[in-house]
Every structure is written in structure tokens, then in C-alpha cells.
Amino acid sequence: MRVLFDSFTVLAVSAGAVFFLAGTVGLLRFPDSLSRLHALTKADNLGLGLVVLGLLPQATGPLVALKLITVWLLAQLAGAIVTQLVARAVRRENQEA
Amino acid sequence: MATSWRMPMATDSRNLLAGATTRAAGFCVLWLVLAGYSLGDLPAAAVAVAGATFVSLCLLPPGRWRVSPLGVARLALRFPGQAVMAGVDVARRALDPRLPLRPGFVTYAPRLPPGSARDGFCALASLMPGTLPVGTNEDGTLLVHCLDIGQPAAAQLAAEEAVFMRAVRDG
């Protein structure tokens, strides 16, 4: 059972790392600020979600698991709201230019 | 964004007190989950909970949103699948050597009236595959940035908004 859990952790955390990498590649390759925002929010959110999912079987108790999920939810919330603010700022700047 | 930093008027002070108590309890639980229980942390926790409750009441006065628990559950169940699709879509485009992007804007006429519920929907839509609302046009429609304007973004947003509206509405 332990081996199964550990394998799941390795797989999920590695997959999460791939999405973080993809998000960063998008940040470097995408042509404009708004496209880069897509890369940052969507790929990194999924990356963090997979890292959290992978770490759940390693949690020493339900409270630790709950903490991991809460951190993910807070990151989602912050990501979504900051994205909105940055997108509006970019739009304002484009209108002024 | 219609954000007001005034404290909500105390026309319905019992409602305000009930809202404040519920939220403070929620923030206490959040603190305990994130920081754990320790007597030495009590002063910091008290300041954090009081501050969070105050800001929360300023930004979203009690009774502003009508929330349907069943609708929220449906939204929450739908979210992981959407997050996976959004992440895979962006990752695929970013890692493809040809960089298959057709970035551009589409206009979407939301059914939600301007207000905090619409702001909430915009934040959620920015986590959905391919769409990023960037603001409101003069005619009240939403300007949405898309990674690929060939995708049916408006239909997707309409479906998302329908699910969102069953969960949260301005009261």
C-alpha cells in the first residue's frame, strides 16, 4: 500500500512540475502580457493542484491534508483576483497608449 | 469594480452582527487550519481574524449575495475538470514548437448585471480554458481576451455563467 501511495506522489508531483515548467515556458514565449497571464494562471494553478494532490497521501493527518487543500484554494482565489487586476491594468495602459 | 470601503450602513444591525459572527468564526477556522493551535499565537490570530472580518464586511456586506449551497456544490464539482482542461490547453500551446496561438478579443454580453456577482464570475472565468475577461465595454458587455479566437469562447462563457448564476446572485 505504501509503495502505491509513494508512486502516486512521485507521479502527481512530477506532473505538477511539468505544468509549472509549461507555465514558465509560456510566460517566456507568449507574445503579449494578456496571453502571458493565461499561461501563469492556468498552467501554474493546475501544477499546484497536482503537487497538492500528490502530497495528500503523505499527509500525517486529516488536518494536514485540509491545510494543503486550503493553501491550494487560497492560491486559486488569489490567482484569479490578481489576474483580473493585472488584466484591467494592461487594458488601461493600452487605452492610454 | 464597484468597491466600497464604507462600513455597511447599520439599517439592519442584527443582520450585520449575524454576518460578522459567522465570518469571524469562518476566519477562526481558517486560521486554525493554516497556523495550527497555539496559545502564544492568540494575539496575532485575534488581530488577523478581526481585520479579515472587517475587510470582508466592507467589501461584501451581508445579504449582498444570495448563495445556493447546491449550486455551489455543482460549481465546485465542475471546477477541477475545467482547471485540468485549462492547464493542459495552455501547456500544450506553450510547449508546441509552432506556438499555436491566435490571441485576440471577443465581446461577451453577460446575463449577470454589473456588480460583485459579475466580478466573481469574471474571476472564475479567468481560470477557465482559454478565456480571460479584461474589463467592461461602454455598452456594458465584457471584453474577453482569448488565446485562440477560433475557439467558441462565448458559448463556453454562457455555459459557465449559467452554472455560476445558479450558485451565486446579487441579492
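Visitor: Where do B:D89 and B:R92 lie?

Guide: Both sit in helix α3 of chain B, three residues apart, about one turn of the helix. A helix here is a DSSP run (H or I, at least four residues), a strand likewise (E, at least two), each numbered from the N terminus. This is a predicted model: local features need pLDDT of at least 70, side-chain atom pairs count only at pLDDT 80 or more, and totals for chains, interfaces and linings use all residues; side-chain values use heavy atoms, with hydrogens and water left out. Residues are numbered from 1 along each chain as its sequence is written, while chains are lettered from A and ligands numbered from 1 in the order in which they are written.

Visitor: Why is the meeting of B:D89 and B:R92 called a salt bridge?

Guide: A side-chain nitrogen of Lys or Arg must lie within 4 Å of a carboxyl oxygen of Asp or Glu. For B:D89 and B:R92 the N to O value is 3.4 Å, so the pair qualifies. Side chains of opposite charge can pair when their charged atoms come close. Over all chains, the structure holds eight salt bridges.

Visitor: What makes A:R88 and B:D119 a salt bridge?

Guide: Their closest N and O atoms are 3.7 Å apart, so the pair meets the cut-off. Between chain B and chain A the count is one salt bridge.

Visitor: Which elements of chain B supply the side that touches chain A?

Guide: α1 (13–35), α3 (69–95), α4 (116–125), β3 (131–136) and β4 (142–146) each supply at least two residues. α3(B) gives the most, with 11 residues. By class, this side has 28 nonpolar, eight polar and three charged residues.

Visitor: How many residues are in contact across the two chains?

Guide: 39 of chain B and 32 of chain A are in contact (heavy atoms within 4.5 Å).

Visitor: How do you know that β3(B) and β4(B) pair?

Guide: Pairing takes at least two DSSP bridges between two strands. Five join β3(B) to β4(B), so these strands pair, and they run antiparallel. In one spot, B:T131 stands opposite B:C146 in β4(B).

Visitor: What packs on the sheet?

Guide: Helix α3 (residues 62–96) of chain A does, touching β3 and β4 of chain B. Its direction makes about 55° with that of β3(B). Helix α5 (residues 153–167) of chain B also packs there, touching β2, β3 and β4 of chain B. The direction of α5(B) makes about 45° with that of β2(B). Axes are lines fitted to C-alpha atoms, for helices over the stretch in contact; angles run from 0 to 180 degrees between N-to-C directions.

Methods: Nonpolar A, V, L, I, M, F, W, Y, C, P; charged D, E, K, R; others polar.
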